Amino acid sequence: MKTYKIIVVENDEDEQFFMKEGFDSTGLFEIITMVKSGDELFEWLEANMDSQPDLILSDLNMPGKNGYDIIDEMKASPVYAAIPVVITSTSSTPTIIAKCLTRGAADYVVKPETFIEYVPYVQGLYQRITDKKLVK
Amino acid sequence: MIPNYQLLFETLGEAILTLDRDGFILYANPAAIQLTGYSIEELVNLPFRKLYPDDEDIVKAEYELDLAQKHGRFIVEGWRRRKDGSQFWSELTLSPIRQRNELAGFSCLLRNISEKKTHELNLRKSEERFRLMVEAVRDYAIFMLDPTGHIMSWNDGARRLKGYRADEVIGKHFSIFYTTDDLETEKPRRELEIAVATGKYEEEGWRIRKNGSLFWANILLTALFNEQNQLIGFSKVTRDLTERRDNEEVLRQSEERYRALVEQLNDYGIFMLDEKGRIVSWNEGARRINGYTAEEIIGKYFSIFYPEEDLISGKPAMELKVARAQGKYEEEGWRLRKDGTRFWASVVITAVYSNKGNHIGFSKVTRDLSERKEAERALKLSFERYRQLASELKEANTELQYANQELEQFTSIVSHDLQEPIRTIKSFLQLIELKLNQGQHDDLKTYINKSINAANRMRELIHNLLHYSQLNKNDVVVEKIVVGDLVNEVMQNLKTAIDASRAEVRIESDVEQIEGDRVQIVQLIQNLVSNALKFTKDNNPQVVIRCSRENGQVKFSVADNGIGIASGDMEKVFEIFRRLHTAKDYPGTGIGLAICKKIVDRHRGRIWPESEPGKGTTFYFTLNEDETTSLPRK
C-alpha cells in the first residue's frame, strides 16, 4: 500500500499534536513537515526543493497566509501548481466548500468533532485520495 | 298733242314712251332716248318688246300689255335692254290710253332703278351670308321667334341640339322646349316679357329635346325691334351645357366630399382665411381644438387665437407675410382656446391662390399637440421615475450585496472562528474523561487550562462580534466634535498601553472640529493607535496622529514606525477575524480594523493603509466624502 508524503498546515499546536498521532497510528501517510501557516509552508517549500510532498493538507482559517492564500499561491506557481492542496476545516458550510474547490482545492475534508477522532479521519482521507486519484 | 304737254314730256327726267295699241313705239321723250341708247328715229315704230332682255319674247310683252289694259295700270320690275345690249334694272309702269272708250295705245314710264337694285342686292347677299352662317353654326341653336313666341327660323345647330327639323318646328311655339314644371309656372311667357322689358333674357336651365331627353341649356333671348321701335320678334341662342354641367357636377361632388371630409376631421383644425386673415371657413376639428363654433368665429381675425405677447410682437401678421412670401409658414407654439386656456399647437399656414393665380387667402391647419406633449412629459416623468427606481434598486442591491457579504462573513465566523474554541474545549474535555477513565491524572491540569483559554478566546470573539454587529444597528449620531477632545479621549483610553510600550504619540492638527458620531470616531482612532502600538519590532513606538482639511475634506492619518504591511496584504487587513500574524507574535482577534472599516463606511468616508514593510504603516481615513469632492488618495 502506497504511503503518501504529506505536509500538514495547521496553526493550532494542540490540533497539530493530535493530527500527528492520528496520521502516525495509521501508517498511511508520511508527514514530511507540519507548519503553522501559509507563510511557513512556502518558506519550507523554498528551503526543501528536493523533497516535494505528494499532497498538502491545510487548515482554512489561520493567521498570516490562510487556506485560500495557499490555494491561490500554489496554483499561480509553475513549480507547485501540480501539488494537490486538500483543505480541511471545522466548517461543513456548502458555500465555503464550494469556494475552496472553485479556487482550485483538490478536495475539502471536514475536521472531526474532536481531536481524539483523527484515526478514522485519516483513514477516510486516504480512501478519498485513492478513489479520486488525487495523487498522480 | 297739246304743246304744253309736249314740253312737259320733253323736259321730264324720267323716260316716257307712248305705244300704239299693238305695242309699237309712237313717241319717246329725250330721257327715254338717253336711257335706251336708241335715236328717236330708231325708236319710232320699234316694238316695245325690243327693250326686253329677250326681244323675241312676244308672249311676255303681250301679257303685260294685256294686264295693263285690264287693270288700268301695270307695274313691274325687271331687266331692260339698251341698244348696245347692256341691261338695266327698271321699274316699268304701263297704262292704257283710251279714246272714245276704245284702246288707242299705252303710256309707258320707264325708271332706271339699277342703283337701288344693286344696293338691295348687296343687302340681300349680306343677309344671305349671315343666314348661311347662322344656319351653318352647329354648336348653337339659333332661331327667330315672332313677337308671340312662334318659331320663324331654324338653323342646323338647333336641329342638332333639339332634334327637330326646320319643317317640323317652324310655326310652333317655342314653349315646346320647356319642361312641364316650367310650363306650369308660365316660364316661357315670363322670359319673353323680361326680354321685351330689358332687351334680353339669359339663363341656364333644363330644356327638352324632341326625343324627350333633357339637356342643360344656356339660353340668350334677345328682343328685336324695328326702326319704329316696334317689337318684331326675338332671336334665341341656345347652347348645350350638359357636358360642362356634368363636369361641374363632378367637381361639385368632389368639392362636397372634400368639404365633408375637412369639416368632419376631428384631430385637425382646418379653416380658411381671406387675404386679410379673417376666418371664412371652420371645421369640426377647429371647433374641438379652439372651442369656437363656426357661427361665432367666421368673420373674426385669426389673431384671436394668439397669446397677448404674440399680438404685441405682431406675430399673426408676420406669419401671413411669411406664408405669402414663401408659400407656407410652419411652427409649433402656444395658442389660446375660447376659454382662454393655452394649448401647444402645430400650425401650418399655406397661401391659397385662385386658378388665375390671384392670392385669395390662406388655409390654416392646426393640431393640438398638448396631448402629445403631455404624453411626452408623462413618458419623461415615468422614465425619470424608473431611473430613480433603478438607482434605488441599484442602491438596494449594493446594500443587499453588502448584507450578503456580511452574512457570508458571519457564516464563516460561526463555522470557523466560533466553532474552533468549542471544538477545542470539547476535545480536551473528552481527553480528560479518557484520562480519568484510565486513572491517569498527570496532564489533566494542562487540558483544563487549554479548555479555559479556548473558552476565553471564544468569549472575546463573541464580545467583538457583538460589538461589530452593533455598529450596524445604531444610527450614526452626527454631532460637532472638537478634534482636541477626540484625541484626548483616545489617549485617556489607551494610557496603560501607551505607558507600557513607552510609546511617543504626537498630534498634529489644524482642524478645530469635525462632524461625526463621537463614540464611533473615538473607537476608530483608538483602534488605529492601538494597532500602531502593537505591531512594532522594538520598544519605542513612534505614533503621529494628523488631522487636516483639504478642499473642505477632513482627512485623518495615524502613522507608526512599526513592522509594516506587505503590499499583497493591504486589502486583507480589513477582513473580520483576519489576522496576518499568529496570536503568539501579535495577539488579537482580527476585529479591530474590520470595526474601523465599518465606522468609516458609516460615515461615508474611505480608509486605506500605506506602508513600507519594516519601516512603518500609515492609515488614512476621510469622513463625509459625499459632501465634498473626493480627494486623491495621496
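**Entry 1: a glutamate in chain B**

I started with B:Glu489, which is found in helix H17 of chain B. Helices here are DSSP runs of H or I with at least four residues, strands are E runs of at least two, and both are numbered from the N terminus. The model is predicted, so I kept to its rules: local features need pLDDT of at least 70, side-chain atom pairs count only at pLDDT 80 or more, and totals for chains, interfaces and linings use all residues. Residues are numbered from 1 along each chain as its sequence is written, while chains are lettered from A and ligands numbered from 1 in the order in which they are written.

Is B:Glu489 exposed or partly exposed? I found 17 other C-beta atoms within 10 Å, so B:Glu489 is partly exposed. The cut-offs: a residue is buried with 20 or more other C-beta atoms within 10 Å of its own, exposed with 12 or fewer, and partly exposed in between, with C-beta atoms placed from the backbone. I then checked B:Gln526. B:Glu489 and B:Gln526 are 37 residues apart in sequence, and their C-alpha atoms are 8.9 Å apart in space.

**Entry 2: the cores**

Next I looked up the largest nonpolar core, which has 40 residues. Such a core is a set of buried Ala, Val, Leu, Ile, Met, Phe, Trp, Tyr and Cys residues joined through C-beta atoms within 7 Å. Among the residues with the most contacts inside this core are B:Leu524, B:Ile525 and B:Cys596. The elements of chain B that each supply at least two residues include helix H16 (444-473), helix H17 (483-493), helix H19 (518-534) and strand E17 (542-550). The largest share, seven residues, comes from H19(B).

What does B:Ile525 contact, leaving aside its neighbours within four places in sequence? I listed B:Leu486, B:Val490, B:Ile545 and B:Val558. Contact means that the C-beta atoms of two residues, placed from the backbone, lie within 7 Å. A second, separate core of 36 residues includes A:Ile56, A:Leu57, A:Ile96 and A:Leu125.

**Entry 3: chain A**

Chain A has five helices and five strands. From the N terminus on, I read its elements as β-α-β-α-β-α-β-α-β-α. Of its 136 residues, 45% count as buried. Among contacts in chain A between residues at least 6 apart in sequence, 67% join residues at least 24 apart.

I traced an open sheet of five strands in chain A, with the order E2-E1-E3-E4-E5 and parallel pairing. Strands pair if DSSP finds at least two bridges between them. Strand E2 (29-35) and strand E5 (107-110) stand at the edges with a single partner strand each, so one side of each has no neighbour in the sheet. The twist averages 25° from one strand to the next. Strand E3 (residues 55-59) and strand E4 (residues 85-89) of chain A pair over four bridges. A:Asp59 has A:Thr88 as its bridge partner in E4(A).

Helix H2 (residues 38-47) of chain A lies across strand E1 (4-9) and E2 of chain A, at about 115° to E2(A). Angles run from 0 to 180 degrees between N-to-C directions, with axes fitted to C-alpha atoms, for helices over the stretch in contact. A:Gly38, A:Leu41 and A:Leu45 are the buried residues of H2(A). They fall within an arc of 55° seen down the axis, so they line one face of the helix. That arc is of the directions from the helix axis to the C-beta atoms. On the other side of H2(A), I found A:Glu43, A:Glu46 and A:Ala47 exposed.

**Entry 4: where the chains touch**

How many residues of chain A are in contact with chain B? I noted 17, touching 21 residues of chain B. The chain A side divides into five nonpolar, 10 polar and two charged residues. Here Ala, Val, Leu, Ile, Met, Phe, Trp, Tyr, Cys and Pro count as nonpolar, Asp, Glu, Lys and Arg as charged, and the others, Gly among them, as polar.

**Entry 5: two backbone angles**

Most residues other than glycine have a negative phi. I looked up B:Asn45, not a glycine, and found a positive phi of about 70°. B:Asn45 sits in the loop between helix H3 (40-43) and H4 of chain B. B:Asn45 counts as exposed, with 10 C-beta neighbours inside 10 Å. B:Arg604 also has a positive phi, near 50°. I placed B:Arg604 in the loop between H20 and strand E19 (607-612) of chain B.
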